[in-house]
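Open the model in your viewer and keep the selection panel handy. We will go from stop to stop, picking a piece and looking at what surrounds it.

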Amino acid sequence: MLLQVSGSPHVHGSESVKKIMWSVVIALLPAFLVSVYYFGIPVIILTLVSVGCCMLFEWLIQKYLFKGESTILDGSAVITGMLVAFNVPANLPIWILIIGDLIAIGVAKMAFGGLGKNLFNPAITARIFLLISFPVQMTTWPVPRHFQGFADAVTGPTPLGVIKEGVKAGVPVDSLMNTPVALSDGTFANMPSNLDYLFGQMGGSFGEVSAIAILIGALYLLWRKVISWHIPVSFILTAFIFAGIFWLADPTQYANPFFHMVTGGLMLGACFMATDMVTSPTSKWGMIVFGCGCGLITMIIRLFGAYPEGVSFSILIMNALVPLIDKAFKPKRFAN
């Protein structure tokens, strides 16, 4: 009797690339809905334009350059489009967003060969490119509930920006937390409360403002086993400990760690972008090292760098180190 053994894999699971990608899309919906509540119709417009452009650019590159089968329905281009949109202000001109989509798909993803081959997270790459290329537009933040359209929106600073500039001017952090900030229409508004920070009633890139909505999506991904806890927990915990040490050492110069957890893009970055399967380590210990590195670099930039935010830069830097991390934590072979 002849026994024939086929090539691996021998065990097949029920998951597929398409199922995983669309699970991530579902997990992003709570943050999207909260953003619509705070910033209005422009959130819907920017998100739809970004998703549509990412799918279009990927289809064009695959059809006319790769001349291969289209993969725009697997959900990966939709995720990239949503995350690029989530990382910009709700009043960003559409033409700038389209440039970001082109960078994300054409440079950060397809230039490396497509899904599964890119070294850097496409949405992070696009955000950093736009921030460096269009710093004014990328740092003009509409105020929640006061959004009046692209032309005459009331804008104001983000909490991270207020703290960064205030500390540079020699104002204690506790005073900054209780001092009204000037808006673009000449009026003043109080700094957000802790509940405001948690639910997203503050300025910032519209997809990152609500920590609660992002955590709901992350819990869904953990339940679906699309991501593991290693990167988000190590990222957030490292940032929390680092911020806590400096806050305990000098609370007049450094904000409390809770403030850093729920402001800026830390939650969005830790739960949805640092956990990207393609650009993060494969081993559990590698993931922990990756997350710790992201948290550490984020806080170093926030506390001592020129930018008030460091999440995007930290993830991009750690993306570049993933091959080294995978090599250092390579699992042992069972046989020679």
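Which helices and which strand do the buried residues of H7 pack against? Keep that in mind while you select residues 159–168, which form helix H7. A word before you look: this is a predicted model.

**Stop 1: helix H7**

Eight of the ten residues of H7 are buried, so this helix is largely enclosed by the rest of the structure. Colour the buried ones: Pro159, Leu160, Gly161, Val162, Ile163, Lys164, Gly166 and Val167. Now show what they pack against, and you have the reply to the opening question: helix H8 (173–177), strand S3 (181–182), H9, helix H12 (257–262) and helix H14 (284–304). Before leaving, click on Gly170, which follows H7 and has a positive phi, near 90°.

**Stop 2: the whole chain**

Zoom out and switch to a cartoon view. The chain has 15 helices and four strands. Its radius of gyration is 21 Å, close to the 20 Å that the globule rule gives for 336 residues, so the chain is as compact as a globular protein of that length. If you draw a box along the principal axes, the C-alpha atoms fill roughly 85 × 45 × 30 Å. Of the 336 residues, 51% are buried. Among contacts with a separation of 6 or more, 73% join residues 24 or more positions apart.

**Stop 3: helices H1 and H10**

Select residues 17–39 for helix H1 and residues 211–223 for helix H10. How do the axes of these two helices cross? They come within 8 Å of each other, at an angle of roughly 165°. H1 and H10 are therefore roughly antiparallel, and their crossing is right-handed. To see the contact itself, show side chains for Ser23, Val24, Ile26, Ala27, Pro30, Ala31 and Val34 on H1, then for Ala213, Ile214, Ile216, Gly217, Tyr220 and Leu221 on H10.

**Stop 4**

Is Phe32 buried or exposed? At 16% relative accessibility, Phe32 counts as buried, the cut-off being under 20%. Beyond its neighbours within four places in sequence, Phe32 is in contact with Val43, Ile44, Thr47 and Phe86. Try the distance tool on Phe32 and Val43: they are eleven residues apart in sequence, and their C-alpha atoms are 7.9 Å apart.

Next, go to Phe206, in the loop between helix H9 (194–199) and H10. Phe206 is also counted as buried, at 1% relative accessibility. Show its contacts, again setting aside neighbours within four places: Ser35, Phe39, Val43, Leu46, Thr47, Ala85, Phe86, Val88, Pro89 and Ala90. Val43, Thr47 and Phe86 are in contact with Phe32 and with Phe206.

**Stop 5: Lys109**

Finish in helix H4 (residues 94–109), where you will find Lys109. Lys109 is buried, with a relative accessible area of 3%. Which residues does Lys109 touch, not counting those up to four places away in sequence? Select Glu58, Ser76, Ala77, Ala104, Gly114, Leu115, Asn118 and Pro122 to see them around Lys109.

Technical notes. Residues numbered from 1 in each chain as written. Predicted model: local features only at pLDDT ≥ 70, side-chain atom pairs only at ≥ 80, totals over all residues. Heavy atoms only, no water. Axes fitted to C-alpha atoms, helices over the stretch in contact; angles between N-to-C directions. Parallel < 35°, antiparallel > 145°, perpendicular 65-115°, else oblique. Left-handed = near helix turned anticlockwise from the far one by under 90°. Contact = heavy atoms within 4.5 Å. Rg over C-alpha atoms; globule rule 2.2 N^0.38 Å. Buried < 20%, exposed > 50% of the residue type's maximum accessible area, 1.4 Å probe, protein only.
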